[in-house]
Amino acid sequence: MKFVCNGTVLSDAALTVSKACAVKTTTPIYECIKIKAANDSITLVSYDGEISIEQKVLAEIMEEGELCVNGKTFADFINKISEFEVMIASNEKGIMIKYGEGETYMQAVSADEFPKMGERNWEDKAYFETKENDLKGLISEVVFCCATDGVRPILKGCLLETKEGKLTATALDGFRMATSYCDASAGKGDLKIICPARTLTEISRMLNSDEYVKIYTDKNVLSVGVADTVITSRLYLGEFVKKENIYPIDFTTKAVVRRAELIDSIERASVFIRGDKHNLIVLNIKLGKVIIKANSDMGKVEEIVSADVNGKELEIAMNSKYILDALKALDEENVVLSFNSPVSPFTLENENDNKNQYLILPVRVGSAE
């Protein structure tokens, strides 16, 4: 294998692909980037057992071939020489990297054992299609509510469902839940898949236009390509929690509040509970106002935010991070907070556009003490 490539282009591709390289694994090939030189381009591919990222870049190919190198090391080094034109040539021991007046040797291994994750014909598979920016927005509105630990692995993913021209996403971590939707069409019937949150985050990084993008699925695998980058990922199997069984049907109290004012007040209150296990704040919902309170050894705060309140007065405690995450994901001037009791889940949504909704479990004050 021997080729010459623009250093900046090669560095960008290597850094993108290296995000799917495993860091600590008992399978060393998962730490690698496979480099394949053929025709007029090189293809970089990585796979860590769950997600694969592939990117193709133009290059002058003198000798075709393929091999694997440690992904993180290769990406970091190419980034350091990105201002040069880079020539890479392989021999029986590894690869030689030439740049300017410099020359570096790097170990390499055979590509024979590299997994063939994305090598299938996707054109005849089921898919859904939506605008890039719509999908990017949808991901940002829900992915932060996915679980990050492995207690229930399926909760580390997001449920994606297509039905009646809509793509609906649902995520929950056991303490909060997010749902949102955007316009979409599906080929070969409606779809329901559970996609890892990490995969969605990597897909989101590729999306930056109003062009349409197709997301293909086949059994327990998903694939999406944008420009010269393709992401292929395993999907989670199992039964996802049914949001219909969690969302309350009715509420006894609703408060309409200016979103920016509520965010500012909660952020000020959060200063006094940094490091607290529950990040505990209390909202006292009264006619015409919401009182935000926080109390710790560092001090206490009590602020009033004007609100249009209908229903019963109540006082409810919660994790300040959860409510702030939801408020910042909403985008209207006014938001609606809906309650039933101090120990029942409550919801947040925009006052007018309810395409995304958030549900949060309160903290029982007795258990937080």
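In this predicted model, glutamate 161 and lysine 243 join their side chains in a salt bridge, with N and O 3.5 Å apart; the term covers a side-chain nitrogen of Lys or Arg within 4 Å of a carboxyl oxygen of Asp or Glu. Glutamate 161 belongs to strand 11, while lysine 243 sits in the loop between strand 18 (229-234) and strand 19 (253-258), so this pair ties together parts 82 residues apart in sequence. Helices (H or I, at least four residues) and strands (E, at least two) are DSSP runs, numbered from the N terminus.

Glutamate 161 also forms a salt bridge with lysine 192, and here the closest N and O atoms are 3.6 Å apart. Since strand 11 spans residues 157-163 and lysine 192 lies in strand 15 (residues 192-196), this pair ties together parts 31 residues apart in sequence. Lysine 192 counts as exposed, because its relative accessibility is 59%; buried means under 20% relative accessible area, exposed over 50%, and partly exposed in between (1.4 Å probe, protein chains only).

Another salt bridge pairs arginine 198 with aspartate 48, at 2.6 Å from N to O. This one links distant parts of the chain, 150 residues apart: arginine 198 is in helix 4 (residues 197-206), and aspartate 48 is in the loop between strand 3 (41-47) and strand 4 (51-58). Arginine 198 is partly exposed at 32% relative accessibility, whereas aspartate 48, at 18%, is buried.

Overall, the structure holds 19 salt bridges. Asp173, Arg176, Lys321 and Asp325 are linked in a network of them.

Residues are numbered from 1 along each chain as its sequence is written, and side-chain values use heavy atoms, leaving out hydrogens and water. As the model is predicted, local features need pLDDT of at least 70 and side-chain atom pairs count only at pLDDT 80 or more, while totals for chains, interfaces and linings use all residues.
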